[in-house]
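Have a look at the structure first, then read on.

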Amino acid sequence: MKDLISNAETINKLLARYGVKFGIYKNGEFKEQLFPFDPIPRIIEHNEYIHLEKGLKQRVNALNCFLSDIYGNKRIVTDGVIPEEFIYSAKGFLTPCDGVAPPKNIYSHISGIDLVQSKDDNWYILEDNLRVPSGASYPMIARELQRRSAPDVFSYNSVVDNRNYADLLKEVMDYVNTGGINVILSPGRYNAAFFEHSYLAEKTGAVLTTGRDIICENDNVYYIDYNGKKQRVGAVYRRISDEYLDPMTFYEESVIGIPHIFEAYKKGNVALLNAPGNGVADDKGIYYFVPKMIRYYLGEDALLMNAPTYLPYYKNDMRYVLDNFDKLVIKDVAEAGGYGVVFGNSLTKEKKEKFITLLKSEPRRFIAQEVIDFYDLNILDETGNKVPRKADLRAFVLTNGDTKVWPSGLTRFSRNPDSFIVNSSQGGGFKDTWVLSR
Amino acid sequence: MQNEKSGTIKKLKFTYKLNAKYSSPITHHSFTVMFLPSDTDRQKINTLDIHISNFKNYCLSDDNFGNKKIYGLIEEAHDRFDVVISGAAETGLDIKEEYTSYPFEYSLLKTQTKLTAPGKKLIEYHRSLELDTLSGSYDKALHIMRTLPGIFLYDTEATEVHETAENALTIGKGVCQDYAHIMLSLLRMESIPARYAVGMMLGEGSSHAWVEVLCNGYWYGFDPTNNKLVNEDYIRVSCGRDSSDCSVIRGSFYGCVTQDQRETVNVEKI
């Protein structure tokens, strides 16, 4: 462990050199910032991991069942488990996807599930990310560099080898591939996660490309290489959001998408990872219903708990939220990346009244949650002292015929001692995540 | 009420023309054209000819609302793009259309969209209409259509291409698309399923838009722009939640050009 700490500075320098950066747009300007690495790992004991793994697989399986149902027969709505308002008014419900089954009927191939551990040692799910979850590359490269600087540490401490992420990802792409090469479709150099796109392409052997090198012709997708040679594409791991994916079906002004790729997908001629339309399942309003989905589709009780959540849409919940406003955190369901989050006790009297009026006029737009008292993790501050900070864990779950959890994950922490928000886009840092083999 | 007047059958021929000219040649031109009328309870399309800039290799597809579209990719440089869709139709076979779509469409079409979502102005106007004094979707729709011209004027310069119903009503002027969006918003505030329809009207001009309202299991057409019930003078081409589901033409290409795009529609009696 000492080795890791003494090498921390070198590793951060190397990360900077390899371009491990996170781009953010602030006031319309693109800025790249380093994603600071903290050398003290999060350690997950073997038994605890077994429990997490089971719970994560269960959750992702249920979410995939839900997506298949929602874009199919919608039994969960007709059976009255989820009110229809939560489906049709969700920003992520895309009508063009209705009735379209993706190759092998898998919707969420790569799921990023965010969890926190509370002070009572329970894990709670904070949110599901089923569209384009990013972040696996950061712990991958950090581990790679640490292995070089302190090769014995990992076997000595019985840390499960996590170098298989790229293999898992490649297996998933191959499994749904409809005939042709695998490509990773990036919006380009100025995307927040461009480092990750290029790193994953290199590690999986997929071709890194932008929309400019891909064409759709007669409902097939082709990659044009630097020689002008046309190659059929069978799977697209797209790192472009749904709205921008195809200007002929979705947002017409998109210049980073591929015209008519949605038609090729609809006709079963190409696999898109993840499937378009997944936003309906990771909507913050739908989150409330995930334990019910697990019961409904799998006939099981959820192994991993949701943070206690209230839907102001229901009268009883609205009353609870108004009575307990100061101890709750309220989230706007349409926002992501740590935006649109309001802590009840942080508002002035005037702002609170204004907010409550808004809440009453648009109850479907918000959810309220109990604030979970996170278990803090130590980080090293600038002077080398250990200080506790809030941290979460993004677990990566990959689905081909089988559902697998990557025995690692992205542990993000807030550098600000008073903040609960750990998102990279809000300037946090990250740690390695050790899963112990015994 | 629903038998205001049963239509007479008409035989019509129609031509839709789109002519685009680019100031210099463009390449890698992807296009989608959604202007292919099909058979409904009201109309029968007897012939349909499609002509796209001598381009024969196009693909066909349809969406969840049953709208048909043609699309393709022209890689070679070109500075013109011409679409001609023409044919013959029989209209007025019925004044309504049976609701046979899958049951989810019902819920979907009751839900406001980005373009129809009401703000202060629409909520206020909706309240002033006192629709709860009327019973039945048909009468409510008729009342909305009859009163709208009193507060909304036709003006081709007032609104933008993707104007919301709320903004249009605030401006107080707009085109057929705006009339339709406002009417859709009001109907959906009443939880009445309603859809946006694109099509053609007897005479010469451009494509037109109106509203179809679900009343007792049948779709009825209301044209708020002309304050008229949809009859045998109309040919429907497509429908959806709002105008964004019914874009007649979409395109993307490489080239730094200015374009001059003209659309003409001609419908006449045979």
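Predicted model: local features only at pLDDT ≥ 70, side-chain atom pairs only at ≥ 80, totals over all residues.

Residues are numbered from 1 along each chain as its sequence is written, while chains are lettered from A and ligands numbered from 1 in the order in which they are written.

Let's begin with chain B, which has five helices and 16 strands; helices (H or I, at least four residues) and strands (E, at least two) are DSSP runs, numbered from the N terminus. The radius of gyration of chain B, 19 Å, is close to the 18 Å that the globule rule gives for 270 residues, so chain B is as compact as a globular protein of that length. That radius is taken over C-alpha atoms, and the rule is 2.2 Å times the number of residues to the power 0.38. Along the principal axes, the C-alpha atoms of chain B fill a box of roughly 60 × 40 × 35 Å.

Of the 270 residues of chain B, 42% count as buried, a label for residues with 20 or more other C-beta atoms within 10 Å of their own, where 12 or fewer is exposed, in between is partly exposed, and C-beta atoms are placed from the backbone. Among contacts in chain B (C-beta atoms, placed from the backbone, within 7 Å) between residues at least 6 apart in sequence, 75% join residues at least 24 apart.

Strand E1 (residues 10-36) of chain B pairs with strand E5, and strands pair if DSSP finds at least two bridges between them. The antiparallel partners of E1(B) are set out here:

| Partner of E1(B) | Residues | Bridges |
|---|---|---|
| E5(B) | 78-91 | 13 |
| E16(B) | 259-269 | eleven |
| E4(B) | 68-74 | six |
| E15(B) | 249-254 | five |

As for residue pairs, B:Lys13 sits opposite B:Ala88 in E5(B), and B:Lys21 faces B:Asp260 in E16(B).

Elsewhere in chain B, strand E14 (residues 234-240) has seven of its seven residues buried. Strand E9 (residues 194-201) of chain B runs antiparallel to E14(B), joined by six bridges, with B:Ala197 opposite B:Cys239.

Helix H5 (residues 176-189) of chain B is mostly covered too, with 13 of its 14 residues buried. H5(B) reaches 20 Å from its first C-alpha to its last, close to the 20 Å expected at 1.5 Å a residue, the expected span being 1.5 Å times one less than the number of residues.

Now for the core. The largest nonpolar core has 171 residues, and those with the most contacts inside it are A:Leu273, B:Met183, B:Val211 and B:Val213. Such a core is a set of buried Ala, Val, Leu, Ile, Met, Phe, Trp, Tyr and Cys residues joined through C-beta atoms within 7 Å. Leaving aside residues up to four places away in sequence, A:Leu273 touches several residues, including A:His109, A:Val172 and A:Tyr237.

Where the chains meet, 19 residues of chain A are in contact with 14 residues of chain B. Strand E8 (residues 214-217) of chain A gives the largest share of chain A's side, three residues.

Finally, chain A has an open antiparallel sheet of four strands in the order E13-E16-E14-E15. Strands E13 (309-310) and E15 (341-343) of chain A stand at the edges with a single partner strand each, so one side of each is left without a neighbour in the sheet.

Conventions: Contact = placed C-beta atoms within 7 Å.
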